Amino acid sequence: VKFLPISDSDRSEMLRAIGVSSIEDLFASIPAEVRHSPNLPPPLSEIEVRRLLGSLAARNANARESAFFLGAGIYNHYVSAIADQMLYRAEWLTSYTPYQPEVSQGTLQSIFEFQTHICLLTGLDVANASLYEGASALVEALLMASRLCRGRRRAVLSAGIHPEYRETVRTYFSSLGFTSIEVPVKADGRTDENALAAAVDDDTFAVAIQSPNFYGVVEDWQIGSRAAHQKGALSVAVVAEAVSMALLASPGERGADIACGEGQSLGVPMHLGGPVLGILACRAEHERQIPGRLVGETRDAEGRRAFCLTLSTREQHIRRERATSNICTNQGLMALASNIHCSLLGKRGLREVALQSHAKAEYLKGEIAKIPAWRIPFEGPTFNEFVVEGPEPAAPLLSRLARRGILAGVPLSRWEDSANRFLVAATEMNTREEMDRLVAALRDRAGGRGDREVPHGDTGGTGDRKVPRREPF
Amino acid sequence: LSVEIEEKAAAIRDPRHPEPRHEPLVFERSGEGKVGYSLPPLDVPETVAIPAALLRAEIAGETEITEVEVARHFTRLSKLNFSIDQDLYPLGSCTMKHNPRVNEEVARLPGFAAAHPLAPEEVSQGALELAWSLERMLSELTGLARVTLQPAAGAQGELAGILMVRAALTKRGGPRTTVLIPDSAHGTNPASAHFAGYKVRELKSNARGTLDLHVLEEAMTEDVAALMLTVPNTLGIFENQILEIARIVHAKGGYLYCDGANFNSFVGIAKPGAMGIDVMHMNLHKTFSTPHGGGGPGAGPVAVAGSLVPFLPRPTVERRADGSFFLDHDRPESIGRLRTFLGNFGMFVRALAYISSYGNRIGEVARGAVLNANYIRAGLTGVYHLKYDAPTMHEVVFSDKKQTAWGVHAMDIGKRLMDYGFHPPTISFPLIVYGALMIEPTETESKSGLDAFVAAMREIARESEEEPQIVKTAPHTTPVRRVDEVGAARNLVLRWKPES
């Protein structure tokens with residue numbers, strides 16, 4: 001096999017040196033009755049691997065070959081060629097967690113830079129080396145708040161937080177004896193401030209609000225901060241569309257103690273939802289309770305600037321069941337991608353991406369609102385995503401549009417009882433022509449006028465060649 | 001930039017001087033007015049329809065830099081890292097094997113990298129089929145009924161596994177109170193059990209380095225939810241009484257959890273399901289070669305026996321009678337979600353490509369890994385102390401016991417290996433071997449590479465005796481010398497700050 005560099009003669013010599021006659025002798029401690037050869041197909045060559053995966057990929061609609069308006073926590077933003085190509089370098093790709101700083105300064109310095117970008121964007125003092133993704137980042141932020149308010153048992157969450165984030169919180173809380181209370185959003189799409197303040201009591205350790213929230217509406221984190229601080233709880237700001245941080249007031253400015261969420265839109269491809277990039281930042285006074293890996297600046301034996309992982313005594317490989325978190329890894333390569341992206345776009349580019357995304361979404365929202373029988377149900381200001389309500393159930397309509405090469409949005413019926421509503425997102429990647437095409441299709445309600453239906457798989461970017469279907473297993 | 005210029009000058013004066021190694025922070029490379037990107041002109045009216053109070057000022061301190069400078073910065077930084085593609089990376093328990101490059105290529109196909117998790121099912125059939133197929137393959141390799149791909153890493157997989165055990169026991173009458181964990185286990189095991197709401201009871205290993213059946217029998221009561229066992233354990237020793245262990249755990253109504261971090265040593269050779277294991281996580285970034293990426297992303301699928309299937313995280317991927325695939329969210333007994341969407345899908349692509357490359361010959365992976373570890377053991381026995389001499393599987397744990405006589409510790413030996421061009425082994429773990437050097441070569445090393453590593457380790461043993469100072473002050477040839485980690489924790493500097 002091409003990845004196994006031991007030749008037959010090497011093997012004989014090695015077995016002789018070990019003092020056994022066959023490799024099977026080395027497996028003597030595995031009981032015979034549990035031995036089984038796997039029932040798998042024969043090995044594939046590289047050419048066949050390409051064909052197999054190519055045929056699977058060709059049956060997924062993708063943003064490069066569609067008019068694309070999907071969001072709900074994963075966004076189609078610009079990723080520069082260099083941010084991807086740099087990840088191919090073996091020194092980044094094939095190295096491990098930088099536990100040995102003398103041979104890991106590249107990874108360590110990059111994480112230190114990433115931590116700085118996240119601090120600048122969130123307006124907070126300290127950020128960690130990244131977490132898995134947005135939902136588990138919220139869990140970690142809440143658990144951190146619970147440690148800082150020891151003895152309290154409740155978290156108050158806005159119902160405007162991404163439903164999959166809230167579900168993840170419930171999973172983690174179920175076995176820890178914590179509860180989460182959900183405060184509804186008002187008719188304009190914003191969290192009900194009075195209900196929020198009323199929900200916070202002396203047993204509450206955190207108040208969490210997402211902005212822009214799941215419905216795309218921009219919230220003021222200050223209502224969460226006020227509600228939390230009056231009872232000595234911590235204010236947690238949740239971000240699911242990180243590009244917004246370049247335009248909107250930062251969590252730090254609006255009184256949040258912890259910011260957390262999803263950083264995917266800062267240079268990480270959509271990847272069908274993973275790997276993406278969990279982020280977490282906090283105020284300096286809480287830095288010793290921050291979960292996950294952290295890189296700090298220090299000196300080497302000759303006094304040169306150097307970087308290393310720090311405060312690792314909080315972590316499970318040392319503290320075991322007393323660790324601050326069950327998180328073992330960060331998303332190193334995604335944090336690198338994000339560092340490259342933020343560095344390249346910088347002060348001006350991050351803001352321009354945010355402004356363009358917002359302007360395009362405003363244009364699209366305005367055009368959809370003009371279509372008879374269509375409306376924008378929430379009046380609150382939005383950043384680059386908004387809810388649309390049409391005259392018919394959204395899910396079948398969206399499927400029809402998808403078959404015509406328009407990925408128009410995400411139906412809310414997936415999470416809640418509102419059949420005719422769906423989320424539409426726009427970014428700097430969308431053209432006016434695509435948006436006009438979407439508006440025209442909604443006006444027709446994809447009623448078959450005009451566009452030809454293209455069965456997916458024929459649009460697979462490989463010219464006219466139809467990709468044969470293959471089964472891996 | 002003065003340090004950088006000084007280093008360059010030194011290199012010019014003395015050609016033997018190592019190449020410049022100081023790279024300023026990207027923020028220190030920034031220059032006002034520089035631009036590294038361009039976007040198409042805005043083709044809709046410019047507008048900001050958000051109240052001013054909810055807007056921010058410019059991001060003070062963010063960079064202004066060109067693509068050229070970004071390219072050089074990150075290329076130079078990369079050269080300060082050691083990587084598998086450079087040489088042997090024998091980190092025990094981490095399975096640092098070669099990462100096939102075709103896997104990187106296929107993971108970037110637009111149908112994976114530019115696809116969205118919430119696209120309609122009709123235009124996501126390739127993704128769903130991929131996840132379904134990977135699940136079937138892992139199910140075949142583990143001999144267990146079903147697999148969730150959702151957990152983002154091994155530790156999250158452990159948590160998912162123990163939460164499923166908790167849900168099953170709760171349905172049966174009560175969650176129980178305790179999880180048993182041997183003293184040789186990874187630190188993630190007790191942390192996961194704790195976050196799943198359990199007390200942890202540690203079990204002492206016997207003289208062979210494996211679980212003591214008398215200790216287990218005494219500890220295994222009806223308060224015990226599960227035994228979490230690493231197979232083979234962190235000493236690289238297979239629990240040869242695994243069938244008896246399973247019998248004892250099951251007799252009291254408990255579950256046998258397998259930490260599959262070391263699956264590389266028996267993948268394709270034996271099935272955990274046949275051993276009586278009820279639930280097991282795997283690390284796609286270990287056994288199935290997805291790249292470690294400097295610390296993630298990983299993926300930690302969990303395989304379960306039939307009795308735990310109702311409790312799998314939501315959603316599962318299912319196939320209809322007509323051959324189409326769909327996500328099943330309607331699973332009332334599910335433990336819920338552990339994260340958003342399907343999991344680290346990009347890692348599923350790579351793992352499927354990897355398993356397909358080996359196919360029914362995947363047992364060669366385990367055979368190669370075990371052969372290589374035993375060859376290193378043979379080469380270093382007598383030179384380094386071996387506390388447990390039971391048969392070695394994929395990794396071998398020596399210690400610094402002989403070298404401490406000259407004041408040389410495991411950490412020093414690891415640092416000195418860097419001067420010989422190797423990454424250190426895992427140091428000081430497992431905790432039951434004082435001064436541990438945990439060596440896992442993996443199957444993707446050649447004999448000549450292993451010979452060079454053994455020669456370096458033997459040379460370090462000689463140095464430790466004859467010139468220990470050179471070992472104690474190592475490394476000498478790395479981009480930075482020994483780093484002050486204590487100072488970093490005492491005086492925390494966790495970010496760059498703009499001068500104000």
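Reply: Let's begin with a term: a disulfide is a pair of cysteine sulfur atoms within 2.5 Å. This is a predicted model, in which local features need pLDDT of at least 70 and side-chain atom pairs count only at pLDDT 80 or more, while totals for chains, interfaces and linings use all residues. Residues are numbered from 1 along each chain as its sequence is written, chains are lettered from A and ligands numbered from 1 in the order in which they are written, and side-chain values use heavy atoms, leaving out hydrogens and water.

A search over all chains finds zero disulfides. A:Cys260 is in none, as the nearest cysteine sulfur, in A:Cys282, is 11 Å away. For A:Cys342, the closest cysteine sulfur belongs to A:Cys119 at 12 Å, which is too far for a bond. A:Cys260 has 1% relative accessibility and counts as buried (buried means under 20% relative accessible area, exposed over 50%, partly exposed in between, with a 1.4 Å probe and protein chains only). A:Cys342 is buried too, at 1%.

What joins the chains, then? Contact means heavy atoms within 4.5 Å, and 202 residues of chain B are in contact with 198 residues of chain A. The area buried between them is about 17400 Å², with carbon and sulfur atoms giving 63% of it; buried area is the accessible area (1.4 Å probe) that two parts lose on being put together, summed over both.

Charged groups take part as well, with 16 salt bridges between chain B and chain A. A salt bridge is a side-chain nitrogen of Lys or Arg within 4 Å of a carboxyl oxygen of Asp or Glu. One salt bridge links the side chains of A:Glu167 and B:Arg337, at 3.6 Å from N to O.

B:Arg337 is also among the residues that B:Gln150 touches. B:Gln150 is buried at 3% relative accessibility. The side chain of B:Gln150 reaches the backbone nitrogen of B:Leu338 at 2.8 Å.

For a single spot where the chains meet, look at B:Ser83. B:Ser83 is buried, with a relative accessible area of 2%. Leaving aside neighbours within four places in sequence, B:Ser83 is in contact with A:Ala90, A:Glu91, A:Thr94, A:Ser95 and B:Tyr89.

Technical notes
Polar contact = N/O pair within 3.5 Å; in protein donor to acceptor, adjacent residues only side chain to side chain.
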